[in-house]
Amino acid sequence: MPPIRCLLILLFLTLYGFQGSYKATALGVNWGTMASHPLSPPKVVELLKSNNFTKVKLFDADPLVLEALSGSNLGVTVGIPNTMLKSLNSSKKVAESWVHDNVTRYVSNSGSRVRIEYVAVGDEPFLQTYGEQFYPFVIGAAINVQNALLKAKLESTVKVVVPCSFDAFLSESGLPSKGHFRADLNKTMIQLLTFLTKHSSPFFVTISPFLSLHQNKNTSLNFALFKDTAKSRNESHRTYKNSFDLSYDTLVTALSTVGFSRIGIVVAQIGWPTDGAASATSASAETFTKGLMEHLHSKLGTPPRPKDPPIDTYILSLLDEDQRSIAAGSFERHWGLFTFDGQAKYRVDFGQGLKNLVNAQNVEYLPSKWCVVNNNKDLSNASASALEACSSADCTALSTGGSCSNISWPGNISYAFNSYYQQHDQSADSCDFGGLGLITTVDPSIDKCRFPVELWTSYSHSFQKASLLRTIILLVAAILVS
């Protein structure tokens, strides 16, 4: 081959190799474990595989979950909680220990290894509501984790990323061409993007048409749902027909403004909840997800990045989680494609050989019993008892716009009682409520308001023990490096 041709090919690969290695768009899903009675990890892995998902993103590195993923051949992103960032930033030894315990030991097992692709440093540590609680430690933590992977000789196969929140970038005018990172993040973002580019890692980010709709009254539901009837938005010679493209190009502009116009983008979280808010319904979630899939499969990209869609896209999320924080809204516990017990909420074709979602099989439940209010008792204090029950149990379906928001008193009291009763494994004393509760074998569900029966699982207890152990380890590590 002539030298000049070799030189041109080398120059092309140098300039575009980073982007070229990411042309194959893949679909993954987020797997959260913030549930009082989670499906067992082997059952969830079976659910992932039966639905032909090829990638899964975790929010932590739970050993029971990673063991279940061994030999599955799923591409895995393991997460580091925000609470660990300070200690990882302060100590290389803590980073090396974490990588050894949560990465090396799983990828080195040749027979049933876990195919870990990414280590996500933090869980949206730049979220505006966190203030400066986490982000001062992000870059140092990422560097120490990267060096630990280098020491373990894993840096070529496992990439370090930092999942960024949907509010890390914005455009006050609503025009994508005016997109920029938050002023308080600009310096940190340049440092992060420099780090990611140096190590050929993509930019992980949340794109959330639902949250844009929820927080911005100027956005229409049809525009968020990819509907053809939505009114387009025009900017110069660009036309935007949906909220996703608008947000995506706002991010692209923000990246370009700080000098990183060609870095690869991974949509780390995108989805639509099905309960806990007026626009959070199964029908809307189905419309949104179908629209998103059609859009991604078209591979059209957006005006600034034509035919250059996201590298990967991770749906939020696989399952509902009744212990997830509801600081942002009651809908936070209802992002799942599947209900807590692995049953599909709606029909959708992900274009992966299946026309519809496949339910979890052989799910074991607690007995068919519910706790309801005893109508033969004095119910003058029933509301206070229900509020107490909801302080620890999941009553988000009763929220305004929720699937149970229309049931009348005392049906809503019964819902609260049952939620508490199920969370406490149907123990008799958890349906007492000062004599106001009554255990029944007649399903009290009304129309779309489902009174659940929880899962029978020993995993919930072993998971709680493992979580407690991890918390203690993190606290000890933080004390040692402080």
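1. A quick word on terms: axes here are lines fitted to C-alpha atoms, for helices over the stretch in contact, and angles run from 0 to 180 degrees between N-to-C directions. Helices (H or I, at least four residues) are DSSP runs, numbered from the N terminus.

2. Keep in mind that this is a predicted model, where local features need pLDDT of at least 70, side-chain atom pairs count only at pLDDT 80 or more, and totals for chains, interfaces and linings use all residues. Residues are numbered from 1 along each chain as its sequence is written, and side-chain values use heavy atoms, with hydrogens and water left out.

3. Have a look at H5 (residues 92-107) against H6 (residues 138-151): their axes are 8 Å apart and the packing angle is about 60 degrees. That makes the pair oblique (angles under 35 degrees count as roughly parallel, over 145 as roughly antiparallel, 65 to 115 as roughly perpendicular and the rest as oblique).

4. In this contact (heavy atoms within 4.5 Å), H5 brings Lys 92, Ala 95, Glu 96, Val 99 and Val 103, and H6 answers with Asn 144, Val 145, Ala 148, Leu 149 and Lys 151. By class, six are nonpolar, one is polar and three are charged (Ala, Val, Leu, Ile, Met, Phe, Trp, Tyr, Cys and Pro count as nonpolar, Asp, Glu, Lys and Arg as charged, and the others, Gly among them, as polar).

Note on methods. Helix = DSSP H or I, 4+ residues; strand = E, 2+ residues; numbered from the N terminus.
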